[in-house]
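Please open the structure in a viewer and keep the selection tool at hand.

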Amino acid sequence: MCGIVGYIGKKEAYPIVMEGLKRLEYRGYDSAGIALYDGSELKLSKTKGKVADLEEKVKTEISKDGSVGIGHTRWATHGVPNDVNSHPHYSNSGDLVIIHNGIIENYESIKKELIKRGYTFKSDTDTEVLINLIEDVKKNEKVKLGKAVQIALNQVVGAYAIAVFDKNKPDEIVVAKLGSPLAIGVGEEEFFIASDASPFLEYTKKAIYLEDEEMAIVRLKKGVKIRKIKNDSLVDPYIQELKINLEQIEKGGYEHFMLKEIHEQPNAIKDTYRGRLRVNDSIIKMAGIDDNLEKFLNANRIIIVACGTSWHAGLVAEYIFEDLARIPVEVEYASEFRYRNPVISEKDVVIAISQSGETADTLAAIKLAKQKGAFVFGVCNVVGSSIARETHAGAYTHAGPEIGVASTKAFTTQITVLTLIALKLAKSNGNLSNSEFQKHLVELELIPNKVAEALKSDDHIKMVAETYKDAKNCLYLGRGFNFPVALEGALKLKEISYIHAEGYPAAEMKHGPIALIDDQMPVFVIATKKGHYEKVVSNIQEIKSRSGKIIGIVTKGDEDVKQLADHVIEVPETIESLTPLLTTIPLQLLSYHIAVMLGKNVDQPRNLAKSVTVE
């Protein structure tokens, strides 16, 4: 959500910043802007729309010269998406310029006070309030920019990642972070600033990740000085060596990132269990679990907190944990959990799931759980992210960068990690025999090949998508382990095609949704041979008797559903607890192809953001 890019060095800043903004487009945004300093003039251009629109506007508005630049992609919070509300924002004097991710919650009271002091505002944003607060502090306290930023941030309430430039101090950029990610790339006589490392990967693999309530003065000749915002104490910069490659964040010949990431799932799942799943030795090795095994085994219950697709992965995990390990599990939306005064004790284990590791509501839920004494375990994809740092222990998914806003490989790799944990606990507490444990290990090791086999149905799925692309409403049904997959399938269709869809437990269909079924209603039914197969077949018969269009996701070789359904899509057979890793594949591809056929922006669907770093 929102993207920050900055550069200070000896190169031309414009191409670096602009390319960096393109790399951050996956985060979701509705406007973009850039500010450049050429040694004498501070220039700014910004627009509602995409980075490509900004490039066109720059051609007629400002020169591209300058070795200092900051750029931004904005996802609107305060103020509608338009040119004026876009970032960067000037201070009243025109000397200071800022880009900002996050929300300043007390901006209205600050704005009223600044208006009394003679400040005027062009935009409706909290960000313009912040830059003028910084200017007011700098002027009245007679301090340098860094100190002014620090004093101002101690007066605001909310979340932020900011980069501030003063044309009177052209050799430095001041940055700060609370709740939104911010990385500093360290090059040879040059520095890069970004929401994540992708904008500067081809220039340097050295990065500093700011912690919450830290600020840094990035000086061209003096390096990076980091301080705590609250108490002004110095922090020794920790420079990480990045292992991600540029090729991993490029499309690799696919038309869209989403399609690339769907097809990456066999390798992503394999990478997630590599080194952890040891079939020949009949063990699962996970340091985060091994070091805290007693906390899990002695837990009264496990509480899973997450949002969106990660919440659906948590629902799958609930079935797996309770079925295999016989440990009670509750799955909560992080956004509800944090506000409903939940009952949490020291005997609870909280598992927090987030692809980005920066989801604001999930982070707040983690902090609440820690305050109440629970042990908190994180599952995320981004190394060094906020959730990875805030939790007591955790496990990375190793999915690699996920650029498409609609999660695909994040979902399957999260389920993979959670399955490994459930199996380990089930073996440790005696609820799974040695033979059953080994059977699950063998089958999990085969899943990547079976996912690859499921992907081979793409042409058939594309034909099914063509048939139903003009539907106005869709229903997704599943039972047991595959009920959450129905929810996820419906979410994918909504996210990228903008077709209304609902996911439901198949048995609940007759308690309401059956009233919607007619010959215009496509119903996607997950009906694998494992689990409640006969019950689902009965549900399909109920749909057929009401002229609904039935698309069955079935086990390879199925004949019963084939006789009832209008279309069937086959997936390989596996044990019941692992079926979600296969049944989700055709639903991802269906959503993708329908969205493409409808001409939608698959990788950047409207109004959505990849990393939701505000409430």
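This is a predicted model: local features need pLDDT of at least 70, side-chain atom pairs count only at pLDDT 80 or more; totals for chains, interfaces and linings use all residues.

Helices, as named in this tour, are DSSP runs of H or I with at least four residues, numbered from the N terminus.

**First stop: a pair within one helix**

Select helix α17, residues 483-497, and display the side chains of E488 and K492. These two residues are 4 places apart in the helix, so about one helical turn separates them. They form a salt bridge, with the closest N and O atoms 2.7 Å apart.

**Second stop: a pair across the sequence**

Next, select K11 and E190, whose side chains meet in a salt bridge at 2.8 Å, N to O. K11 is located in the loop between β1 (3-8) and α1 (13-23), and E190 in the loop between β9 (183-186) and β10 (191-194), so the contact ties together parts that are 179 residues apart in sequence.

Move to K556 and E453, a salt bridge in which the closest N and O atoms lie 3.2 Å apart. K556 belongs to the loop between β26 (549-555) and α19 (560-564), while E453 sits in helix α15 (residues 434-455); the pair therefore ties together parts 103 residues apart in sequence. K556 counts as exposed, at 53% relative accessibility, and E453 as partly exposed, at 31%.

In total, the structure holds 36 salt bridges.

**Fifth stop: the nonpolar interior**

Hide the charged side chains and turn to the nonpolar ones. In soluble globular proteins, nonpolar side chains tend to be buried together. Which residues have the most contacts inside the largest nonpolar core? They are I302, F321, I351, F377 and L425, in a core of 90 residues. Select helix α14 (residues 409-428), which gives the most to this core, with 10 residues.

Now centre the view on F377. Leaving aside neighbours within four places in sequence, its contacts include G288, I289, F296, V350, I351 and I421. Apart from the core of 90 residues lies another, of 29 residues, among them I98, L130, L145 and A152.

Methods:
Residues are numbered from 1 along each chain as its sequence is written. Side-chain values use heavy atoms; hydrogens and water are left out. A salt bridge is a side-chain nitrogen of Lys or Arg within 4 Å of a carboxyl oxygen of Asp or Glu. Buried means under 20% relative accessible area, exposed over 50%, partly exposed in between (1.4 Å probe, protein chains only). A nonpolar core is a set of buried Ala, Val, Leu, Ile, Met, Phe, Trp, Tyr and Cys residues joined through side-chain atoms within 4.5 Å. Contact means heavy atoms within 4.5 Å.
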